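Visitor: I have a structure to look at, and I would like to understand it step by step. Could you guide me through it?

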Amino acid sequence: MTDKKPIYVLNGPNLNRLGKREPEIYGTTTLAEVEALCREAAGDRPVVFSQTNSEEKLIDLVHEAIDEGAAIIINPAAFTFTSLALLDALKMFKGPIIEFHISNVHRRESIYHHSYVSMTATAVMAGLGARGYPVAIRAIEDLLAEQKR
Ligand code: DHK
């Protein structure tokens with residue numbers, strides 16, 4: 001049993017098709033496999049893992065994290081580059097936020113080069129592939145431990 005608050009791992013549109021979607025860019029790891037990697041890396045800390053194609057639902061999940069969560073790892077997918085509403089929601093979160101991209105968005109088309117989320121994220125990870133999700137979990141644990149010192 002733990003009294004640790006959860007890490008929210010939030011995934012935006014089209015990531016439900018991970019593993020089949022443009023594998024040359026996003027790899028063949030499925031979202032279910034990513035979830036298992038996150039839970040294993042988190043150890044005794046709870047993980048709220050979610051994916052939605054809805055901007056409204058993604059913002060509702062950020063609101064839930066504001067009230068219940070210790071940290072957020074978010075792959076906003078296309079909403080990264082379009083959503084001021086998501087940025088405004090994330091600004092309310094008081095804990096560490098890692099903006100996460102499977103691909104190196106800076107090496108791709110220019111439409112993927114400006115992120116609104118980066119204006120409030122603690123850190124940005126891009127290009128490690130799905131293997132980066134557990135790295136982000138471990139980085140969050142370090143950031144939370146530093147906050148306690
Ligand atoms: C995922 C997406 O769906 C794209 O819209 C982003 C991001 C890149 C990723 O690399 O995880 O451009």
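**A walk through the model**

Guide: F93 touches A65, I66, G69, A70, A71 and I72, leaving out residues up to four places away in sequence; a contact means heavy atoms within 4.5 Å. This is a predicted model, in which local features need pLDDT of at least 70 and side-chain atom pairs count only at pLDDT 80 or more, while totals for chains, interfaces and linings use all residues. Residues are numbered from 1 along each chain as its sequence is written, and side-chain values use heavy atoms, with hydrogens and water left out.

Visitor: Where is F93 found?

Guide: F93 sits in the loop between α4 (84-91) and β4. Helices (H or I, at least four residues) and strands (E, at least two) are DSSP runs, numbered from the N terminus.

Visitor: Is F93 buried or exposed?

Guide: F93 has a relative accessible area of 7%, so it is buried. Buried means under 20% relative accessible area, exposed means over 50%, and partly exposed lies in between (1.4 Å probe, protein chains only).

Visitor: How many residues apart in sequence are F93 and I66?

Guide: F93 and I66 are 27 residues apart in sequence, and their C-alpha atoms are 5.1 Å apart in space.

Visitor: Let us turn to the ligand. Which residues are the closest to the ligand?

Guide: The closest are R21, N75, I102, S103 and Y112, among 13 residues that surround the ligand. A residue is counted as near when one of its heavy atoms lies within 4 Å.

Visitor: What kinds of residue form the shell around the ligand?

Guide: The shell divides into 8 nonpolar, 3 polar and 2 charged residues. Here Ala, Val, Leu, Ile, Met, Phe, Trp, Tyr, Cys and Pro count as nonpolar, Asp, Glu, Lys and Arg as charged, and the others, Gly among them, as polar.

Visitor: Which polar atoms lie by an oxygen atom of the ligand?

Guide: A polar side-chain atom of S103 lies 2.7 Å from an oxygen atom of the ligand. A backbone N or O atom of I102 lies 2.8 Å from a ligand oxygen, and a polar backbone atom of A78 is 3.2 Å from a ligand oxygen. The protein covers 99% of the 310 Å² of accessible area that the ligand has on its own; such areas come from the Shrake-Rupley method with a 1.4 Å probe, and for residues only the protein chains shown count as cover.

Visitor: S103 interests me. Which side chain is joined to S103 by a polar contact?

Guide: The side chain of R108 is joined to that of S103 by a polar contact of 3.0 Å. A polar contact is a pair of N or O atoms within 3.5 Å; within protein, one must be able to donate a hydrogen and the other to accept it, and residues adjacent in sequence count only if both atoms are side-chain atoms. R108 lies in the loop between β4 and β5 and is buried, at a relative accessible area of 17%. Apart from neighbours within four places in sequence, R108 is in contact with I25, Y26, S103 and H113.

Visitor: Now the helices. What span should α5 have?

Guide: At 1.5 Å a residue, the 17 residues of helix α5 (residues 132-148) should span 24 Å, and its end C-alpha atoms are 25 Å apart, which agrees. The expected span is 1.5 Å times one less than the number of residues.

Visitor: Which residues of α5 are buried?

Guide: G132, Y133, P134, A136, I137, I140, E141 and L144 are buried in α5. They pack against β1 (7-11), α2 (31-42), β3 (71-75), β4 (97-101) and β5 (123-126).

Visitor: What does C38 touch?

Guide: C38, which lies in helix α2, touches V9, V47, F49, Y133 and I137, not counting residues up to four places away in sequence. Its relative accessible area is 0%, so C38 is buried.
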